[in-house]
Amino acid sequence: MTSKNSKRFDDVRPGEALPELAIPITTTLIASAAIATRDYFPGHHDMEAAQQLGSPHVFMNILTTSGLSQRFVEGWAGPAARFKDLKIKLGAPNYPGDTMTFSGEVVRTDAASREVEIALKGKNSMGSHVTGTATLVLP
Amino acid sequence: MTDMSLSGRAAIVGLGATEFSKNSGRTELRLAMESTLAALADAGIDPSEVEGFSSYTMDKVPDYEIARLLGCKNVKFFSQIPHGGGAACAPVVHAAMAVATGLAKVVVVFRAMNERSWYRFGTGTYGFGSTPIFENVNYGWYMPYGFHTPAAWVGMFAQRYMHEYGATSEDFGRVSVAVRDFAATNPAAFFYGKPITLEEHQASKWIAEPLRLLDCCQESDGAVAMVITSVERARDLKQKPVIIKAGSQGITEGQQSMTSYYRDDISGLPEMGVVAKELYAQSGLGPEAFQTAVIYDHFTPFVLPQLEEFGFCKRGEARDFIRAGEHARGGKLPINTHGGQLGEAYIHGMNGVAEAVRQVRGTAANQVADVENVLVTAGTGVPTSGLILGVA
Amino acid sequence: MAEQEWMSEVRAKVGREYGRVYAWDEVNAPMIRQWCEVMGVDNPLYLDADHAATTEFGGIVAPPAMLQAWCLEGLHMNNYAPGSTDENPYEVLKTLEAHGYPSVVAVNSDLSFERYVKLGEKLYYTTRLDAVGEEKTTALGTGYFVTLIMSFFSQKPEGDEKVGQLLFRVFKFRPANVPKPVEKGAAPAVPKFKRPKPGISDDTRFFWEGVDAGKLLIQRCTCCGTLRHPPAPVCIKCHSFDWDTVEASGKGQLYSFVVMHYPEVPPFEHPNPIGLIELDEGVRLIAGLVGVKRGEIRIGQRVQVEFQSFDDGELTLPMFRPVAA
């Protein structure tokens, strides 16, 4: 969850690791998050439809992965951080019963703009579900 | 007394190849047939005259099927050479022996593969099982750790080589930049028109440190075939004969396949040293006799010790040879003028033999002046092979 | 291979801009609250009007990752909000589909934000077909990477304002293996990836049994005393078939190493450091390295064995950790 204390730019150094975040992947999460992002594609809420596509079960949609990535970064940075970008690359699917564990580190800071770049990665039992970067402006 | 030497007895008289791609869109059998028929047409030899075949154990196209489709009636010699790219020169060596002994008058060698589109070697996933056959047990020392790609196996040697001789990632990069420069001007190369810079090499992602992406050869689809017959017959055929002046395979102490880590010294390639010694003995030639060479380049680091094993420079000094650009266009010994497997295509080294043939004929895209002799080497880190091809 | 003729039709469309697609709803608190609830986001900037009033925005804003969600069509495919274009921004994907590339997988989603959007803003986006790559073959199959760039705007009487952008790249492909529908009623299961087990023979069994017992055993020729690893049925020096084992001290030094990055094959963690260890007894072996930092691994550093259990105890492996010299 978001810590109410925001990171300040001056306290952040390249190489700083973000606290890991393990997210249990459930059918409920996949289906409800798909709907909350207005994505009604059947593969995200209907197991039979997903199996017709060759998947063992429903699989997480991209907008949810973006949302969870935001949560992971924001959980570390706090409510005063402002996102400039959130760039993700997708890998192994998230299926119910798995756990996705986010890890990340600060890879760049820029004092002039107070920008901080975070590299993030969400791994599940099949490998990397998501890798990416987020650029934040910190107070 | 009968001359028992292999040297000067047989010649490569026909050369055929498909295009090189990431997805040929046709079967390996078809690729093999396209390249074989092209090689026979190039030689001006009728398919029915073929009496022998040689290829790799890893090739999935059987010799008998090619024989059947060619309409051969009198095939007396067929062999397959193991150890992946270590085979590269050996089908030609076997063919030359078959021709020299009179067992087969005309031999076709080939390598056809849809490696890139059908099965990739670099994925790190292999079906090693639990039956205690040698291979399963042997790879059992590595697979449980996830130490499972050719790049990683080579990386283990490369790290030690760097440590002992002060070679750097930039030195490996200079190999890559030079061969991509040749590929950029070879219309048959996959990376035709796409040279790279050393900065791009250094910025390319890690695959298995100390190897970067641009240290690794391509994965490719395609086929190459050649026709070998006696030097006597070669004189009357269409093409300028390319004489097989020497050929050998090599295994030495402590030999394993990709994992010879238990030798006292792992910074050299002593099996290539065995090949070098034999090639020079058979041909009576030495390092100064070559105008160009095809040095197996599945991964850049192994190019350096090969230059040392063949005496182009002293042990540990290949980095200086490379920093001086002697391996590049305009250097003392331009290597892999087709672009190598980094730049042209990865056809398990047989496309390198083909380039040597073109250099001797004088028909290469990046032709070196006044070529008399060309050295060709095969896969490194494995039981290997080598050839010297030259003018009559 | 020369490209098919129909591809020139596809390529001609690269650079084309497609018209507006409007959001069904204005940016609103209930949708934001539900999104945050499901995602597990509790940032008061999106949820607490009082807190949000104290920020530079003066009120609640939408979570940035929600940007695309506002403009999705919803339950009914291609049912876009009034005012939206009739053009199909995804027509290139349809063309590829018609020519035998039926499957699609998202590869990149790169969101960038000009500013956060506030309650009550009406959004729309336009689409640019940015690129269609050369034909590529991946583990999934053969096809094309297609990149679309969607620009998101907020409609304003004084002139519309760009609020963000999404670079969206998909791989539209012909599957290498046609996906088979999973059998109905089959127990859906997340595939569990395990480390490959070592192949074990009569020549090597002692080693793995030793590892299971927490011992690192080296084979020794009982005739000439030569130690050997990897194990073999016969002595490399005197060719005796007689051997026993000695327990190694487990101490040694790093003779060489690699750090594996790519491809990332489950269940291995990457980067994955692997060492070639020279034991003090004189033999070498390959093993995983633990407790090392990438960039600080040095040839010659002292290491000590430890035994790690994997896959719920199914596999034990000797691993090596750096120790002080």
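## One bridge between chains C and B

Across the interface of chain C and chain B, the rule finds 1 salt bridge (a side-chain nitrogen of Lys or Arg within 4 Å of a carboxyl oxygen of Asp or Glu). The side chains of B:Glu209 and C:Arg294 meet in a salt bridge, with 2.6 Å from N to O.

This is a predicted model, in which local features need pLDDT of at least 70 and side-chain atom pairs count only at pLDDT 80 or more, while totals for chains, interfaces and linings use all residues. Residues are numbered from 1 along each chain as its sequence is written, chains are lettered from A and ligands numbered from 1 in the order in which they are written, and side-chain values use heavy atoms, with hydrogens and water left out.

## The rest of the C–B interface

The contact (heavy atoms within 4.5 Å) takes 45 residues from chain C and 45 residues from chain B. Together the two chains bury about 3,700 Å², and 62% of that is on carbon and sulfur atoms. Buried area is the accessible area (1.4 Å probe) that two parts lose on being put together, summed over both.

There are 17 residue pairs in polar contact between chain C and chain B, both residues at pLDDT 80 or more. A polar contact is a pair of N or O atoms within 3.5 Å; within protein, one must be able to donate a hydrogen and the other to accept it, and residues adjacent in sequence count only if both atoms are side-chain atoms. On the side of chain C that touches chain B, the elements giving two or more residues include helix H6 (205-212) and strand S10 (251-260). S10(C) gives the largest share, 6 residues. That side of chain C divides into 27 nonpolar, 12 polar and 6 charged residues. Here Ala, Val, Leu, Ile, Met, Phe, Trp, Tyr, Cys and Pro count as nonpolar, Asp, Glu, Lys and Arg as charged, and the others, Gly among them, as polar.

Helices (H or I, at least four residues) and strands (E, at least two) are DSSP runs, numbered from the N terminus. Two strands pair if DSSP finds at least two bridges between them. Strand S5 (residues 206-209) of chain B pairs with S10(C) in the antiparallel sense, over 2 bridges. B:Ala208 has C:Met260 as its bridge partner in S10(C).

## Where chain A meets chain C

Chain A puts 50 residues in contact with 53 residues of chain C. The two bury about 4,200 Å² between them, 57% of it on carbon and sulfur atoms. The rule finds 3 salt bridges across this interface. C:Glu264 and A:Lys121 meet in a salt bridge through their side chains (2.9 Å, N to O).

Several elements of chain A give two or more residues to the side touching chain C, among them helix H3 (62-77), strand S2 (82-90) and strand S5 (127-137). This side of chain A divides into 20 nonpolar, 16 polar and 14 charged residues. S2(A) is joined by 5 bridges to strand S2 (residues 103-113) of chain C, and the two run antiparallel. A:Lys89 stands opposite C:Asn108 in S2(C).

## A sheet inside chain C

In chain C, 3 strands form an open, antiparallel sheet in the order S8-S7-S9. Its edge strands are S8 (227-228) and S9 (243-247), each pairing on one side only. Strand S7 (residues 217-221) pairs with S9(C) over 5 bridges. C:Ile218 stands opposite C:Val246 in S9(C).
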